[in-house]
Amino acid sequence: MSKVPIWPNFFIVGAAKAGTTSLYAWLRQHPQVYMSPVKEPHYFSRDLVENVRFVIRKERDYLKLFRRAAGYKAIGEASASYLPFGRIVAERIKAAVPHARILIILRDPVERCFADYLMHVRTGREPRSFYEALVKSPLSKVYIQRYAQPVSDYLGIFGKENVLVLMFEDLKSNPRGLLKQVAQFLDIDEEPMMQVKLAVENPGGVPRSALSRVVITVRRKIPVQALPIPKELKLLLKRILLAPRPPLDPRAVEYLRPIFEADLRDLEKVLGRSLPELRKVW
């Protein structure tokens, strides 16, 4: 008799560059939680994403990620590409896992945009300055991510009781408090969340040299499953190869302000609260 396939029952859907990697890593340490061994399978956005290293396209390959998840109370994955596509991806998840719980984590959209830009600088795909990239780069549509509509889509499709919206600022300033919220939301024991190692995950920055950029670019072209690197070594390499991120260009902030201000006003209506933490650098 064939085994009944195991699907995840919760999803970290984004936003990108807002702490999803840290949240994924911390949840992996909880004894009641099983996280996909591939952090971002992008299965439910498989035909929508561009410029990603690895996408799982077939259902049987996706379900293989969870074949060892039997007995775990919370089974999850984290694909930051799920938030921008809003209703399309939310409806796909709902069809596969009707009672799924959704975790969304949001960051000041100007800072998130800058962090996304810096990632493309690190990989050699963005040669322009931040301001020039916003004005001229074909990647600008990737950098500028709005929140109100996709958050509204997830809330409408899954219901407010099944969607938890978190803030990157809380992840930085009060990670234990944020993890307590997550534990309550996922109905798992709180105490193990208070014991997780809160190491910094996925640090940002820019290449220290042309050689650093070459090393980073070559590494990204290797499939993630082909050359696994221990997390500690990966973080060490990033610290060696990357210099601290440059300051934000005030011209870029002024360019983005009217774009994001309208969206944040709409988001505040959706969530029913003010969101000063999403205007930190304005």
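This note comments on the sheet of the structure and on a pair of its helices.

1. The model is predicted, so local features need pLDDT of at least 70, side-chain atom pairs count only at pLDDT 80 or more, and totals for chains, interfaces and linings use all residues. Residues are numbered from 1 along each chain as its sequence is written, and side-chain values use heavy atoms, with hydrogens and water left out.

2. Five strands form an open sheet in the order β2-β3-β1-β4-β5, with parallel pairing. Strands are DSSP runs of E with at least two residues, helices are runs of H or I with at least four, and both are numbered from the N terminus. Two strands pair if DSSP finds at least two bridges between them. At the edges stand β2 (33-35) and β5 (163-167), each pairing on one side only.

3. β2 and β3 (residues 74-78) are joined in the parallel sense over three bridges. Within β3, Ala74 is the bridge partner of Val33.

4. Helix α7 (residues 148-158) and helix α12 (residues 250-271) have axes that come within 8 Å and cross at roughly 20°. Axes are lines fitted to C-alpha atoms, for helices over the stretch in contact, and angles run from 0 to 180 degrees between N-to-C directions. The two helices α7 and α12 are therefore roughly parallel to each other, a term for angles under 35 degrees.

5. Contact (heavy atoms within 4.5 Å) between them involves Ala148, Val151, Ser152 and Leu155 of α7, and Asp263, Asp266, Leu267, Val270 and Leu271 of α12.

Conventions: Parallel < 35°, antiparallel > 145°, perpendicular 65-115°, else oblique.
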